[in-house]
Amino acid sequence: MADVEAYDFSDERVDLGSGVTLPKSWRARVSGEQDVPGTITVRVEWDATLGRTAVVFAALEREAEGVDITSQVLREVRTHWIMTMSALDAVTVDVGTEDGDKVDRIPVRDYLSRVLAQKEREPVESLHAAISVYRVATAISFPPLKLVADTLQISQSTATRLMSRARDSGLAPEVRIQEPRRAPAVDPYNPGRPLDPAAPQPGPAQPGGPSIGL
């Protein structure tokens with residue numbers, strides 16, 4: 001199993017709103033990747049033009065003599081997967097405490113689990129939760145509408161309506177309704193476990209998902 005290590009975090013952080021922040025840049029190192037006989041290193045940066053994180057540098061160093069870095073080997077390097085896995089260690093969310101006087105900064109994986117576990121929400125709560133999860137998805141380079149739908153346990157169409165409302169009302173003007181890319185094979189709720197597409201996943205978004213009064 002591949003081991004992903006995030007390191008060299010920038011002191012400068014990008015604030016996406018809703019308490020979601022991330023370093024402006026960091027590096028990730030991966031060893032043990034299947035069919036890749038070496039160590040992969042990538043540098044990730046926040047790209048304001050793209051409106052999300054992006055890989056700006058990637059390198060592969062062979063593990064020993066007798067190994068040739070060929071184009072076939074390079075095709076096995078999953079830069080998007082590495083970026084998302086490392087972002088789960090880099091991105092945090094500020095949340096209020098129960099007494100309301102303090103703010104806790106928690107890892108993004110803990111935040112997503114909290115939102116996933118909440119079953120009942122008022123419409124306004126759903127809207128703000130959707131905005132927060134959308135911004136988390138942007139920070140970890142995961143398709144935003146999919147993460148909103150799966151985490152709030154609503155249909156993709158309901159997630160789209162929520163985010164359209166958030167954008168049109170000015171609460172989240174950065175929202176882009178068109179999904180920009182496919183989801184990497186990462187379980188954002190249990191990132192230490194490889195994603196098995198055939199296994200039951202938490203909070204799947206079904207076409208007939210529940211309505212939340214929009």
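This report walks through the fold, the core and the ring contacts of a predicted model.

## Fold

The protein chain holds 6 helices and 8 strands. Their order, read from the N terminus, is β-β-β-β-β-β-α-α-β-β-α-α-α-α. So the chain opens with a run of strands and ends with a run of helices, under the DSSP assignment used here.

Contacts across the sequence matter for reading this fold. Take the contacts between residues at least 6 apart in sequence: 57% of them join residues at least 24 apart.

## Surface and burial

The protein chain has 214 residues, and 43% of them count as buried. Its accessible surface comes to about 11,300 Å². Carbon and sulfur atoms account for 48% of that surface.

## The nonpolar core

The largest nonpolar core has 59 residues. Four of them touch the most other members: Val-136, Ile-140, Leu-147 and Met-163. Helix H4, residues 123-140, supplies the largest share of this core, with 10 residues.

What does Ile-140 contact, leaving aside its neighbours within four places in sequence? Its partners are Thr-53, Thr-84, Ala-87, Leu-88, Val-91, Val-108 and Leu-147. One of these, Leu-147, is also among the core residues that touch the most other members.

## Rings and charges

How many aromatic pairs does the structure hold? The count is 0.

Rings do meet charged side chains, though. Arg-29 lies over the face of Tyr-7, at 4.2 Å from the ring centre. Arg-78 places its charged end over the ring of Trp-81, and the distance to the ring's centre is 4.0 Å.

Terms used:
Residues are numbered from 1 along each chain as its sequence is written. This is a predicted model: local features need pLDDT of at least 70, side-chain atom pairs count only at pLDDT 80 or more; totals for chains, interfaces and linings use all residues. Side-chain values use heavy atoms; hydrogens and water are left out. Helices (H or I, at least four residues) and strands (E, at least two) are DSSP runs, numbered from the N terminus. Buried means under 20% relative accessible area, exposed over 50%, partly exposed in between (1.4 Å probe, protein chains only). Contact means heavy atoms within 4.5 Å. Accessible areas come from the Shrake-Rupley method with a 1.4 Å probe; for residues, only the protein chains shown count as cover. A nonpolar core is a set of buried Ala, Val, Leu, Ile, Met, Phe, Trp, Tyr and Cys residues joined through side-chain atoms within 4.5 Å. Rings of Phe, Tyr and Trp (its six-membered ring) pair if their centres lie within 6.5 Å; planes under 30 degrees apart count as stacked, over 60 as edge-to-face and the rest as tilted. A charge sits over a ring if NZ of Lys or CZ of Arg is within 6 Å of the ring centre and within 35 degrees of the ring normal.
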